[in-house]
Amino acid sequence: MQTRKLGRQGLEVSELGLGCMGMSDFYGGRDEVEAVATINRALDLGVTFLDTADMYGVGANEELVGRVVRERREWVVVATKFGNIRSEDGSFKGVNGRPDYVRTACDASLKRTGLDFIDLYYQHRVDPEVPIEDTVGAMAELVAAGKVKYLGLSEAAPATIRRAHAVHPITALQTEYSLWTRDVEAEILPTCRELGIGFVPYSPLGRGFLTGQFTSPDDFEQGDSRRNHPRFQGDAFRKNLDLVAAVGALARDKGCTPAQLALAWVLAQGDDIVPIPGTKRRTYLEDNLGALDVLLTDADRARIEAALPPGIAEGTRYPQASMGALNG
């Protein structure tokens with residue numbers, strides 16, 4: 001496993017991370033035994049970068065990740081997030097970036113994970129009611145107190161990133177990026193590179209759609225949030241299957257799986273990029289890691305990008321009610 005540097009503050013992680021959200025929430029049923037086995041397998045294979053958040057499973061995902069990594073703490077990088085507020089029943093209650101909440105949320109995450117510090121602490125969504133300078137100022141206090149090592153933002157706009165970075169160096173920005181979501185290429189990724197901020201793409205497999213394993217909306221389990229996702233509905237689903245077919249054909253030509261091709265493309269966008277494909281099963285984890293052996297030539301990339309240009313996907317990347325919280 002090779003490593004990549006995120007930001008200019010010294011954080012170095014495996015070139016592919018593991019998103020742990022689906023082990024506890026959003027993507028159907030839970031199997032904690034398999035989830036634990038998947039995290040351990042990832043660590044055994046050299047993955048050092050695990051991603052969670054306090055909202056995943058309303059804290060349960062942080063507890064799961066913390067329980068597994070504590071025995072290998074010296075070399076595992078744990079990233080978690082705060083700011084999206086959910087009630088105990090899982091309902092969404094809004095975004096909170098107030099300084100007092102930042103401190104409270106961090107202490108709660110430390111308690112749930114059982115860790116002495118958080119390696120990378122993200123604001124999950126920007127609070128439009130609180131100046132980013134106030135939120136990041138409180139996050140910087142956590143660094144000074146030794147509770148957090150590095151700071152990150154998620155789904156922040158270029159101007160917000162600049163203002164945050166002026167308060168305290170931002171090490172990483174986490175935002176959706178994949179072959180069917182390339183919005184960040186216009187302004188957000190160039191801003192990160194100008195400021196020396198690492199980029200962490202979530203959903204680099206298009207929430208699993210680009211793997212080719214789904215052919216109908218009925219393929220999703222009951223309780224899977226993708227059933228309500230705009231890109232997985234009706235005509236949008238059928239049109240987006242054409243993209244899946246294109247990825248599948250390109251993968252066959254390259255002698256790899258669709259997931260490996262899609263991840264290899266994201267990895268090829270720069271050595272300041274560390275994707276965090278999520279999975280809750282060892283089989284998919286091992287398939288994803290095979291992307292590290294797929295080397296794309298300039299000609300390969302040109303073919304891929306011609307087949308899936310920016311804006312090609314049908315439907316918004318979140319339900320309309322959630323779109324306003326993006327790129328704040």
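Okay, let's start with Gln-269, which counts as buried because its relative accessibility is 14%, and the cut-off for buried is under 20%. Keep in mind that this is a predicted model.

So where does Gln-269 sit? You'll find Gln-269 in the loop that runs between helix 8 (258-267) and helix 9 (282-289). Its side chain reaches the backbone oxygen of Trp-265, at 2.7 Å. If we leave out neighbours within four places in sequence, Gln-269 is in contact with Tyr-177, Arg-193, Arg-301 and Glu-305.

Rolling a probe the size of a water molecule over the atoms is how we see where empty space is left. The second largest pocket here has a volume of about 220 Å³. It has 13 lining residues, and the closest to its centre are Asp-54, Val-58, Arg-86, Tyr-101 and Arg-112. Which element gives the most to that lining? That's helix 3, with 4 residues. Strand 6 (84-86) and helix 3 (99-113) each supply at least two. By type, the lining splits into 6 nonpolar, 3 polar and 4 charged residues.

Last topic: cysteines. How many disulfides does the structure hold? The number is 0. Take Cys-106: the closest cysteine sulfur is in Cys-20, and it is 18 Å away, so that's too far for a bond. For a disulfide, the two sulfurs would have to be within 2.5 Å. Cys-106 is also buried, with a relative accessible area of 0%. Cys-192 counts as buried too, at 0% relative accessibility.

Technical notes. Residues numbered from 1 in each chain as written. Predicted model: local features only at pLDDT ≥ 70, side-chain atom pairs only at ≥ 80, totals over all residues. Heavy atoms only, no water. 1 Å grid on protein atoms, 1.4 Å probe; cavity = no way out; pocket = protein on both sides within 12 Å on 5 of 7 lines; lining within 4 Å. Points joined across faces, edges and corners; volume = space filled by probe spheres on them. Nonpolar A, V, L, I, M, F, W, Y, C, P; charged D, E, K, R; others polar. Buried < 20%, exposed > 50% of the residue type's maximum accessible area, 1.4 Å probe, protein only. Polar contact = N/O pair within 3.5 Å; in protein donor to acceptor, adjacent residues only side chain to side chain. Contact = heavy atoms within 4.5 Å.
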